[in-house]
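Opened a new model today and went through it piece by piece. Here are my notes, in the order I looked things up.

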Amino acid sequence: MIGRHAKLVPPAPSSKAVSAVMRGNRGRDTKPELIVRKLLFAQGYRYRVHLKTLPGRPDIVFTKRKKIIFVHGCFWHQHPSEVCPLRSHPKSNTGYWTEKLKRNQERDQATERHLCELGWDVLTVWECETQNTEILIQRLRSFLGHTSAINNAVSLPNTLQSPDIRTERT
Ligand SMILES: [Zn+2]
């Protein structure tokens, strides 16, 4: 089991780069997630966000399709890709970061397993993959199926979420 209650005290960011990464990935409604939500909305998909009733409070949920999309920051969730430009490991406080990031990965895997057991299809979109929107749209469409196949907007008018893109300083 993961020792959820053991305390991990974050060290001070060791460099401007690390601080920037931490800022950019903190919490919900991160920029990559908003990019994905905006694309989906523009394509006609309707969805719910951060559904508390599901394990891991998934980022984007298609209730009728039984599909879920997570948008993961490459650093916090350690994108398992050799070519990812964003996953870099901090060079200092490596013990802290290794442990912290390992826990994040283990939690992600457990969450995905749990959701699959409940009958949900899960797609993970990585932060670095939001930089090429054409390829991303193709992936989203092939995962979700055609927009008109099932339209949540018809029966769930109160759950519509606008993409709510905010201007963020980078
Ligand atoms: Zn990545």
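This is a predicted model: local features need pLDDT of at least 70, side-chain atom pairs count only at pLDDT 80 or more; totals for chains, interfaces and linings use all residues.

I began with β1 and β2, which pair in the antiparallel sense over 2 bridges. Arg48 stands opposite Val61 in β2.

Next I checked β2 against β3: they run antiparallel, joined by 3 bridges. Here Phe62 faces Lys67 in β3. I also looked at the hairpin these two strands make; it has 4 residues between the strands, and Lys66 takes a positive phi near 60°.

Then β3 and β4, which run parallel with 6 bridges joining them. Lys67 turns up again, this time opposite Asp121 in β4.

Putting the sheet together, I get 4 strands in an open sheet, ordered β1-β2-β3-β4, with mixed pairing. β1 (48-49) and β4 stand at the edges with a single partner strand each, so one side of each has no neighbour in the sheet.

How many residues of β3 are buried? I found 6 of the 6, so the strand is largely enclosed by the rest of the structure. Lys67, Ile69 and Val71 point one way from β3, while Ile68, Phe70 and His72 point the other way.

I took Ile60 as a test case. Leaving aside neighbours within four places in sequence, Ile60 is in contact with Val36, Arg37, Leu40, Tyr47, Val49, Ile68 and Ile69.

**Helices.** α2 has 12 residues, which should span 16 Å at 1.5 Å a residue, and its end C-alpha atoms are 16 Å apart, which agrees. Which residues of α2 are buried? My list reads Pro32, Glu33, Ile35, Val36, Arg37 and Leu40. They pack against β2, β3, β4 and α4 (133-144). Just after α2, I noted Gly44 with a positive phi of about 100°.

α3 (residues 94-117) got the same ruler: 24 residues, reaching 34 Å from its first C-alpha to its last, close to the 34 Å expected. Gly119 follows α3, and its phi is positive, near 95°. I also checked the handedness here: β3, α3 and β4 make a right-handed β-α-β unit.

The chain averages a pLDDT of 81, and 69% of the residues score at least 70. Where is confidence lowest, and where highest? Helix α5 (residues 152-155) is lowest at a mean of 45, and β4 is highest at 98.

I marked two stretches with pLDDT under 50. Over residues 149-161 the model has 15 contacts beyond four places in sequence; over residues 165-170 it has 3.

Methods: Residues are numbered from 1 along each chain as its sequence is written. Two residues are in contact if their C-beta atoms, placed from the backbone, lie within 7 Å. Two strands pair if DSSP finds at least two bridges between them. pLDDT is the predictor's confidence in each residue, from 0 to 100. The expected span of a helix is 1.5 Å times one less than its number of residues. A residue is buried if 20 or more other C-beta atoms lie within 10 Å of its own, exposed if 12 or fewer, and partly exposed in between; C-beta atoms are placed from the backbone. A crossover is right-handed if, with the strands pointing away from the viewer, the path from the first strand over the helix to the second runs clockwise.
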